[in-house]
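Please keep the sequence and the structure in view while reading.

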2 protein chains.
Amino acid sequence: MDTAAASSPNAVLRPGIAERLWGASRIEFSLRGYHGARVQGIARRAGCNVALLYRHWSSKKALYLDVLRSVYQGIAREVVALMEQGRGAPAVVGAYLDANMRDPVGAQILIREFLDGGPFLSQLVAAEPTLVEPVRRAARAIASTDGASEVLRPGLDATLAVLSIGGLAALIASAHEASRPFFDEPIPTEAWRRHLYDLLLYGVLACPAQVGGPLPP
Amino acid sequence: MDTAAASSPNAVLRPGIAERLWGASRIEFSLRGYHGARVQGIARRAGCNVALLYRHWSSKKALYLDVLRSVYQGIAREVVALMEQGRGAPAVVGAYLDANMRDPVGAQILIREFLDGGPFLSQLVAAEPTLVEPVRRAARAIASTDGASEVLRPGLDATLAVLSIGGLAALIASAHEASRPFFDEPIPTEAWRRHLYDLLLYGVLACPAQVGGPLPP
């Protein structure tokens, strides 16, 4: 990756050390959050020493900001791509559920950031205001009646709706196994997805449109 | 089994310090989760030394289990009490929102436990199976049509619905400030509550009943 890494014989013999550090960072931050994560823990997970990590990132904070930005952008891009395959609220709800369920590690990093009050996400947005654009697009899409048979429930705030949908999708994607004590049998991820899709879609649509026909799959 | 009495803040320790240790534990676990919390951090927040804490709890795990059980029971009791003031889905949704919003610190402890996969909640439930009873009661109440004009949406699983309602309520109660970058002005807690009440209630009710009249406040 760079000349510094090449000076370490071990690194040369192990291609992809940067990738392993990256993956290890995602796991550590998802399990522990920013405050609980330890640089030593990340290096151990990646099977390298801390000095090697510090050649790529100057501090835990710098590494976390990179990981958080990548997770946020990755899920947001996936949401936008999936959303554009359909229209209106059904497309937005399905996109948030699938984007988060495809990256449960990333979803958990986001939820832990939200629980901390979102300080680093705020910092990223302040430096790069276009980061909020995917949420704005989802809010416009969910409110769009263009060619769709579904109509948004009157009085619903589209941005609050999008953040609720995204929050619940990320929470269940990363934490649905915690529901185990309340059921005799484990609930498959697909059953959670169907349940949330219906719950959220009925939650945002006006009734007459729903009564008019079956919901899209 | 009632360990709560023995572990209640004023059971053994001199009044004042006991409450401070208990409150400090709640804060530390809510901000850091089980893995990130440190006994030294709790003692520092309480303004006492670690030895005093260890006089009452043998380990961080013992303390966490007491705090988690107390939070879970406290919110569950509040949910049941609020739920019994009304009927059907409106009462259940309102009860979960209010119980979590009245104890955002407790709500955050629960969410962090869920993100960890719920290992300690599972342990508590295994030792004391009646802990799941409030969720069962809420599931029966939400599905109840007894005297209520609202009818649950056909096909909805009442337990999945209750866990989704509880999860979103706890998440927003403890993390809604993280939505700040997406709005020009802060969203008051009461506006979040109204939004979630409508979203979740429309999400679980069948349409014809909703069309028939205005939703309860």
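## Salt bridges and the chain interface

In this predicted model, a search of the whole structure finds 18 salt bridges over all chains. Side chains of opposite charge can pair when their charged atoms come close.

| Residue | Partner | N to O distance |
|---|---|---|
| Glu78(A) | Arg102(A) | 2.7 Å |
| Glu84(A) | Arg137(A) | 2.2 Å |
| Arg26(B) | Asp103(B) | 2.7 Å |
| Arg112(B) | Asp116(A) | 2.9 Å |

### Pairs within a chain

The salt bridge of Glu78(A) with Arg102(A) links distant parts of the chain, with Glu78(A) in helix α6 (residues 60–83) of chain A and Arg102(A), 24 residues apart from it, in helix α7 (residues 88–102) of chain A. Glu78(A) counts as partly exposed at 27% relative accessibility, whereas Arg102(A), at 54%, counts as exposed.

Glu84(A) forms a salt bridge with Arg137(A); Glu84(A) lies in the loop between α6 and α7 of chain A and Arg137(A) in helix α10 of chain A, so the pair ties together parts that are 53 residues apart in sequence. The relative accessibility of Glu84(A) is 51%, which counts as exposed, while Arg137(A) is partly exposed, with a relative accessible area of 32%.

In chain B, the side chains of Arg26(B) and Asp103(B) meet in a salt bridge. Because Arg26(B) lies in helix α2 (residues 17–36) of chain B and Asp103(B) in the loop between α6 (88–102) and α7 (104–115) of chain B, this pair ties together parts that are 77 residues apart in sequence. Asp103(B) counts as buried, at 17% relative accessibility.

### How the two chains are related

Chain A is superposed on chain B by a rotation of 180° with 0.0 Å of shift along its axis, with an RMSD of 0.2 Å, and that is the relation of a two-fold axis. Gly203(A) comes closest to this axis of the residues of chain A, its C-alpha being at 1.9 Å.

### The interface

In chain A, 50 residues are in contact with 50 residues of chain B, and 100% of the interface residues of chain A are also interface residues in chain B, so the copies meet through the same surface. The area buried between the two chains is about 4,300 Å², and carbon and sulfur atoms give 74% of it. Leu115(A), Leu160(A) and Phe182(A) supply 18% of the area that chain A buries against chain B, more than any other three residues.

Across this interface there are two salt bridges, and ten residue pairs are in polar contact, with both residues at pLDDT 80 or more. On the side of chain A that touches chain B, the largest share, ten residues, comes from α11(A). The residues of that side divide into 29 nonpolar, 13 polar and eight charged.

### A contact around His195(B)

Which side chain makes a polar contact of 2.8 Å with that of His195(B)? The partner is Ser164(A). His195(B) is placed in helix α11 (residues 189–204) of chain B and is buried, with a relative accessible area of 7%. Leaving aside residues up to four places away in sequence, His195(B) touches Leu156(A), Asp157(A), Leu160(A), Ala161(A) and Ser164(A).

Definitions and conventions
Residues numbered from 1 in each chain as written. Chains lettered and ligands numbered in written order. Predicted model: local features only at pLDDT ≥ 70, side-chain atom pairs only at ≥ 80, totals over all residues. Heavy atoms only, no water. Least-squares fit on C-alpha atoms with pLDDT ≥ 70 in both. Contact = heavy atoms within 4.5 Å. Buried area = accessible area lost by both parts, 1.4 Å probe. Salt bridge = Lys/Arg side-chain N within 4 Å of Asp/Glu carboxyl O. Polar contact = N/O pair within 3.5 Å; in protein donor to acceptor, adjacent residues only side chain to side chain. Helix = DSSP H or I, 4+ residues; strand = E, 2+ residues; numbered from the N terminus. Nonpolar A, V, L, I, M, F, W, Y, C, P; charged D, E, K, R; others polar. Buried < 20%, exposed > 50% of the residue type's maximum accessible area, 1.4 Å probe, protein only.
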